[in-house]
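I opened this notebook to record what I looked up, one entry at a time. The entries follow below the display.

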Amino acid sequence: MDLRRFEHDLAQMRNLDSTQNGAQVLRKAYPVFFDSIWLELLVPGKGKLLDSALVVAWDKQPALHKLLDSVQLAFPLDEMQAWQMDLETAFTYAKYYFPEKPTPSVITYPSELSLGAFTYGDSLLGIGLDFYLGHGFSAYDPMVIPRYIQRSMDADHIASRAIEAWISGQIGDAPGDRMLDRMIHNGKMLYIKERLLPHVADTAVLGFSKDQLEWLRNNEFEMWTHYLDKELLYQTNTSIIGKHVGPSPNAPGMPPEAPGANANWVGMRIIEQYMERRPDLDLQGLISAKDSQRLLTESKYKPKR
């Protein structure tokens with residue numbers, strides 16, 4: 001895997017004499033990332049300032065300066081870390097399941113907490129390492145980043161989030177706005193992640209804590225009954241279904257132990273049963289199956305009491 005550590009190269013530019021144009025050095029080393037991602041998305045409106053004198057610009061960005069130092073300290077260059085090995089192994093599996101897809105180059109960077117991961121076509125995967133400095137890191141303001149989100153902002157989740165961004169590029173958007181469409185779409189994501197990350201803990205791959213996963217497994221029938229009783233499957237109102245398919249500390253109308261995004265886990269269970277009935281289908285075929293209702297029907301999903 002081609003891994004480039006932009007944050008370390010960026011820090012070295014601070015050691016240049018301020019009259020030198022450090023931006024040109026980075027542009028040459030990262031021709032696509034520096035202009036199309038870093039300047040345009042991460043530091044919008046500051047491109048000319050950075051181009052004129054990168055070192056001077058850094059002196060005027062204390063928050064970004066601090067994040068850069070923290071990322072360098074947490075993710076040094078001189079050792080192979082677990083998340084790197086997990087990511088390399090994941091792309092080995094990806095090459096098996098998606099032989100026609102190229103393995104992207106990976107670039108890590110500090111994003112000032114603005115962009116955690118992205119893909120740029122098939123050739124580039126970016127990882128914002130300042131999103132993984134550990135629960136309770138001083139720059140993680142609980143008023144901006146709630147505690148339930150911070151729970152997964154550590155190194156154990158880097159490979160999972162990076163692979164999720166890569167898979168998202170393969171799957172595209174959900175085929176509709178109904179909760180059924182979104183839970184099936186997100187269930188595909190979780191199902192494929194499990195195939196590419198069998199060596200990573202379920203808590204990191206699926207995004208639930210150990211207690212939450214136990215609750216989901218023990219209450220699958222009750223969750224499905226709740227969706228049917230409340231007629232949620234074909235609901236499109238995001239204020240009603242949002243916490244069932246998106247990040248949330250809880251789920252409305254369900255016991256306090258029920259985690260947010262619970263419908264995504266049920267979506268994964270539907271996908272599992274669908275794939276058991278379709279041994280002829282590979283992961284690319286699963287991605288191509290866009291009709292959520294047909295997929296649910298053909299899965300014959302029926303959770304046990």
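Entry one. I worked from a predicted model. I began with Ser 292, which has a relative accessible area of 3% and is therefore buried, the cut-off for that word being under 20%. I then looked up its place in the fold: Ser 292 belongs to helix α17, which covers residues 292-299.

Entry two. Which residues does Ser 292 touch, not counting residues up to four places away in sequence? I found Pro 175, Arg 178, Leu 180, Asp 181 and Ile 184.

I turned to strand β4, residues 124-128. How many of its 5 residues are buried? I noted 5 of the 5, so β4 is largely enclosed by the rest of the structure.

I checked which way the residues of β4 point. Leu 124, Gly 126 and Gly 128 point one way, while Leu 125 and Ile 127 point the other way. In a regular strand the side chains alternate between the two faces of the sheet. I recorded that the residues pointing either way from β4 are all buried.

Entry five. I looked up the partners of β4. Strand β2, residues 105-109, runs parallel to β4 and is joined to it by 5 bridges. Within this pairing, I found Gly 126 of β4 to be the bridge partner of Ile 107.

Strand β3, residues 117-120, runs antiparallel to β4, with 4 bridges joining the two. Here Thr 119 has Leu 125 of β4 as its bridge partner.

Key:
Residues are numbered from 1 along each chain as its sequence is written. This is a predicted model: local features need pLDDT of at least 70, side-chain atom pairs count only at pLDDT 80 or more; totals for chains, interfaces and linings use all residues. Side-chain values use heavy atoms; hydrogens and water are left out. Buried means under 20% relative accessible area, exposed over 50%, partly exposed in between (1.4 Å probe, protein chains only). Contact means heavy atoms within 4.5 Å. Two strands pair if DSSP finds at least two bridges between them.
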